[in-house]
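Here is a short briefing to read alongside the structure.

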Amino acid sequence: MKHLKQITAVILLILFSTGLFAQDHKGIDFKKLDSYLAKSLKEWKIPGMAVAVVQGDSIAFAKGYGIKEFGKAGKVNTKTLFAVASNTKSFTAAALSQLVDEGKINWDDKVIDYLPWFRMYNDYVTGEMTVRDLLCHRSGLKTFSGDLLWYETNYSQDEVIKRMRFLKPEYGFRAHFGYSNILVSAAGRIIPEIAGITWQNYIRTHFFKPLGMTSSLLSVKELKGKKNIAVPHHVAEGKPPLPIKYMQWDNVAPAAAVISNVEDMSKWLILQMNNGVYKGDTILSATQIYEMHSTQTPDNMNPGWARYFSGKHFSTYGLGWSLFDYKGVKVVNHSGGADGMISQTMIVPEKKFGIVILTNSVNYLPTALMYYVLDDYFGEPNNDWSAFFLRVKKYMDNLDKQDREKAEKEHNPNTQPALALQEYCGTYGGDLYGNAEVRLEKGKLVLDFLPSDVLIGDLTHWQYETFKIKLRNSPTLPEGTVNFIIGKNGKVNELKVDIPNPDFFFDELEFKKLK
């Protein structure tokens with residue numbers, strides 16, 4: 001009997017420590033979740049969505065909602081492919097963690113030991129930047145700095161990384177969180193230097209194949225011939241969803257290239273929350289899972305924002321994963337955003353459950369659903385997070401409206417350009433981005449960002465030396481301005497572009513008149 005009690009105690013200890021034994025929670029009500037998902041899809045006017053919940057070592061719930069493309073009949077199911085965007089970063093971190101376990105690299109090795117041509121904004125940072133730094137967003141650059149270098153440009157991955165040396169820091173080195181897609185791309189670029197195969201082949205052979213992620217892809221080019229594909233959409237207020245093309249990620253692939261479905265991504269989450277073990281096979285070591293899921297960089301919550309999340313006190317970043325506490329447990333998660341698609345992955349390792357949400361429009365719903373599932377699991381499903389984030393969206397939209405109204409009030413329509421339109425034409429450029437060309441087409445000015453085949457904008461005079469710009473092929477980016485600066489010689493010396501949006505900083509780009 002004594003031995004039986006000891007064995008029972010050990011079994012209970014194991015069950016509690018692995019989260020397989022229910023602790024202080026009521027679990028997820030899947031019937032209620034299904035209804036909430038369907039309701040939320042309509043509230044947000046999202047064309048299509050797929051959701052899966054994982055528990056223990058299996059998928060407990062998976063379902064598709066809505067349609068793959070607005071105006072067409074094809075319905076979303078659990079095998080429908082979506083761009084998961086920045087959820088790719090965890091794959092890159094995991095790949096490097098395997099190489100760490102193999103003794104081929106250390107997290108705190110210097111980047112220049114593997115990429116001798118790597119350069120940052122000053123020599124000190126260049127020399128001190130480590131592999132770990134590349135993955136945890138503490139370089140000194142502000143969030144999304146330099147993303148226009150890869151966005152719809154013809155630059156290669158290496159060229160994008162090389163041009164990063166011209167980016168000016170916002171903070172001190174390792175002093176502040178600043179999310180960087182380019183630095184994660186640089187982390188992925190180290191993999192072929194060590195493993196002797198491309199990043200794509202490494203992810204495919206070391207993760208997709210052993211996990212059975214048979215539908216997952218690593219480039220938009222691989223979508224050719226596939227039929228069960230969710231189409232990205234741009235949703236503007238008062239207008240029906242507009243299908244748009246997939247964003248090309250090849251030149252920043254380790255940060256955002258994965259295209260997958262909820263069935264495949266569930267396998268990735270099961271691996272992550274079971275200490276690197278999937279169906280009895282150890283793919284990642286528990287040591288490296290712990291490292292990737294541990295705080296590397298603080299990312300403090302805004303006090304005003306924090307008051308809405310009573311169970312949340314800290315927000316940090318690990319290696320390829322975002323981290324926060326909620327109602328006494330650690331939540332490991334990441335979001336993904338592409339033109340026309342938003343995704344969210346989340347696991348609670350100590351409770352052994354998680355969720356993946358994939359949508360084909362830009363919205364806050366995946367974040368809302370993450371918190372809904374967390375609350376439901378802990379028996380407190382009273383917060384209508386979808387409604388809350390709809391109010392957040394309305395507030396943000398109102399701020400944008402106020403900014404437009406303010407600009408309109410300050411607009412002086414009784415002005416003309418100082419020069420003939422032909423005098424504004426020419427080639428402009430700078431070290432960071434390269435060249436842009438202003439030319440006349442049918443009597444109107446056009447600004448062509450030459451590194452991109454997509455970023456071409458039509459200019460309309462606004463006031464003084466400022467013109468409005470509307471990009472022809474980028475419906476997700478709003479109207480902006482181009483300001484021409486005239487020197488003492490009465491000729492145009494420079495132009496400055498400002499297209500206000502949360503993702504791409506056109507005001508980082510320097511365009512001096514070249515000819």
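Is Lys 352 buried or exposed? Lys 352 is buried, because its relative accessible area is 10%, which falls under the 20% cut-off for that class.

**Confidence**
- The average pLDDT of the chain is 93, and 95% of the residues reach at least 70.
- Residues 1–24 have a pLDDT below 50, and beyond near neighbours in sequence this stretch makes 17 contacts in the model.
- Where pLDDT is low, predicted coordinates should not be read in detail.

**The chain as a whole**
- The chain holds 14 helices and 22 strands.
- Its radius of gyration is 25 Å, which agrees with the value near 24 Å that a compact globule of 515 residues would have.
- Taken along the principal axes, the C-alpha atoms fill a box of roughly 100 × 50 × 50 Å.
- Of the 515 residues in the chain, 53% are buried.
- Among contacts with a separation of 6 or more, 61% come from residues 24 or more positions apart.

- Eight strands form a closed barrel in the order 15-16-17-18-19-20-21-22, and their pairing is antiparallel.
- From one strand to the next, the twist averages 30°.
- One of the pairs joins strand 20 (residues 480–486) to strand 21 (residues 492–498), in the antiparallel sense and over 6 bridges.
- To find this pair in the viewer, look for Asn 483, whose bridge partner in strand 21 is Lys 496.

**Strand 11 and its partners**
- Strand 11 is mostly covered, with 4 of its 5 residues buried.
- On one side, strand 11 runs antiparallel to strand 10 (residues 315–317), and 3 bridges join the two.
- Within that pairing, Tyr 317 has Ser 322 of strand 11 as its bridge partner.
- The hairpin of strand 10 and strand 11 has 4 residues between the strands, and Gly 320 takes a positive phi near 80° there.
- Strand 11 also runs antiparallel to strand 12, to which 5 bridges join it.
- What is the phi of Lys 327 in the hairpin of strand 11 and strand 12? That hairpin has 2 residues between the strands, and Lys 327 takes a positive phi near 50°.

**Two lysines with positive phi**
- Most residues other than glycine have a negative phi, which makes the next two worth a look.
- Lys 327 has a phi near 50°, a positive value in a residue that is not glycine.
- Lys 327 lies in the loop between strand 11 (322–326) and strand 12 (329–338).
- Lys 327 counts as partly exposed, because its relative accessibility is 27%, and that class covers values between 20% and 50%.
- Lys 352 has a positive phi of about 60°, although this residue is not a glycine either.
- Lys 352 sits in the loop between strand 13 (341–348) and strand 14 (353–359).
- Lys 352 is buried at 10% relative accessible area, whereas Lys 327 is partly exposed at 27%.

Notes
Residues are numbered from 1 along each chain as its sequence is written. This is a predicted model: local features need pLDDT of at least 70, side-chain atom pairs count only at pLDDT 80 or more; totals for chains, interfaces and linings use all residues. Side-chain values use heavy atoms; hydrogens and water are left out. Two strands pair if DSSP finds at least two bridges between them. Axes are lines fitted to C-alpha atoms, for helices over the stretch in contact, and angles run from 0 to 180 degrees between N-to-C directions. Buried means under 20% relative accessible area, exposed over 50%, partly exposed in between (1.4 Å probe, protein chains only). pLDDT is the predictor's confidence in each residue, from 0 to 100. Contact means heavy atoms within 4.5 Å. The radius of gyration is taken over C-alpha atoms; the globule rule is 2.2 Å times the number of residues to the power 0.38.
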